[in-house]
Amino acid sequence: MALQQIVEQTVAGLGYDLVEIERSAGGLLRITIDLVWSAPVEGAEALQAEQFITVEDCEKVTRQLQFALEVEGVDYRRLEVSSPGIDRLLRNEQDFTRFEGEVIDITLKEPLGAAAGGQVAANRKKFRGTLESVPTGGWQIVWSDAPPVKPGQRVSKKRVPAPLQALAFTLDELREARLAPIVDFKGRSAKPGSVG
């Protein structure tokens with residue numbers, strides 16, 4: 001049985017979602033897992049807080065994987081099971097639906113070339129922007145090439161904002177897509193309607 005299949009069956013059997021399998025030098029086998037996500041049902045009450053993978057979840061998967069890999073005779077020196085972290089890999093349509101509205105980093109398989117139309121560099125393959133669904137189907141990211149505002153810097157209200165740009169893409173055109181690792185040290189702002 002192939003490594004991918006062993007890991008997928010084991011992780012899914014325990015009720016988790018396999019995000020990524022990495023083999024590194026020195027025999028390290030790194031498995032990234034997440035909780036299974038299902039789209040919110042209209043009219044149903046939303047969950048109070050987002051749930052995350054715990055250390056106990058990782059331990060449970062590690063124990064089961066060690067057993068399964070030994071039975072199948074998979075060669076590795078060290079097994080590491082972890083949560084996806086802030087730069088989570090997006091691999092399928094469900095991941096894109098789940099993280100719509102988030103800032104993501106994408107890398108295209110091929111540069112834009114003539115399709116860029118002079119709007120961006122023709123050899124550009126990497127983009128960071130807000131993930132949006134396209135009404136006709138598919139996905140796009142929207143971004144502005146405006147320089148980031150430095151802390152304490154005052155921005156003139158007369159300054160014309162940089163135009164927004166959008167790039168539509170299909171999942172087949174992507175080499176990789178990840179959540180952008182953006183950390184807000186000021187804490188989360190209260191959501192509208194919440195008491196804080």
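Close-up 1. Arg-178 is buried, with a relative accessible area of 18% (buried means under 20% relative accessible area, exposed over 50%, and partly exposed in between, with a 1.4 Å probe and protein chains only). Glu-20, at 16%, is buried as well. The two residues form a salt bridge whose closest N and O atoms are 3.1 Å apart; the term stands for a side-chain nitrogen of Lys or Arg within 4 Å of a carboxyl oxygen of Asp or Glu. Arg-178 belongs to strand β8 (residues 174-179) and Glu-20 to strand β1, so the contact ties together parts that are 158 residues apart in sequence. Helices (H or I, at least four residues) and strands (E, at least two) are DSSP runs, numbered from the N terminus. The structure is a predicted model, in which local features need pLDDT of at least 70 and side-chain atom pairs count only at pLDDT 80 or more, while totals for chains, interfaces and linings use all residues. Residues are numbered from 1 along each chain as its sequence is written, and side-chain values use heavy atoms, with hydrogens and water left out.

Close-up 2. By the salt-bridge rule the count comes to twelve. One of them joins Asp-17 to Arg-88, with 3.9 Å between the closest N and O atoms. This pair links distant parts of the chain, 71 residues apart: Asp-17 lies in strand β1 (residues 16-24), and Arg-88 in the loop between β3 (78-82) and α3 (93-98). Asp-17 has a relative accessible area of 17% and is buried; Arg-88 is buried too, at 2%. A further salt bridge connects the side chains of Asp-95 and Arg-91, at 2.9 Å from N to O. Asp-95 is buried, with a relative accessible area of 2%, whereas Arg-91 is partly exposed, at 33%. Through shared partners, salt bridges join Asp-17, Asp-34, Arg-88, Arg-91, Asp-95 and Arg-98 into one network.

**Close-up 3. Helix α1 and its buried face.** In α1 (residues 3-13), the buried residues include Leu-3, Ile-6, Val-7, Thr-10 and Val-11. Viewed down the helix axis, the buried residues of α1 fall within an arc of 115°, so they line one face of the helix; the arc is that of the directions from the helix axis to the C-beta atoms. An α-helix has 3.6 residues a turn, so residues three or four places apart point the same way. The face turned away from the buried side of α1 carries the exposed residues Ala-12 and Gly-13. The buried residues of α1 pack against β1, β2 (28-35) and α2 (55-72), where contact means heavy atoms within 4.5 Å. Gly-15 follows α1 and has a positive phi, near 90°.

Close-up 4. β2 and β3 run parallel and are joined by five bridges. Opposite Arg-30 stands Glu-80 in β3.

Close-up 5. Rings of Phe, Tyr and Trp (its six-membered ring) pair if their centres lie within 6.5 Å; planes under 30 degrees apart count as stacked, over 60 as edge-to-face and the rest as tilted. The count by this rule is three aromatic pairs. Phe-96 and Trp-139 form a tilted pair, 5.8 Å centre to centre with 40° between the planes. Phe-96 lies in helix α3 and Trp-139 in strand β6 (residues 139-144), so this pair ties together parts that are 43 residues apart in sequence. Phe-96 is buried at 1% relative accessibility, and Trp-139 is buried at 5%. Phe-127 and Trp-143 also form a tilted pair, with centres 5.2 Å apart and planes at 55°. Ring pairs link Phe-96, Trp-139 and Phe-169 into a cluster.

Conventions:
Pairing = 2+ DSSP bridges.
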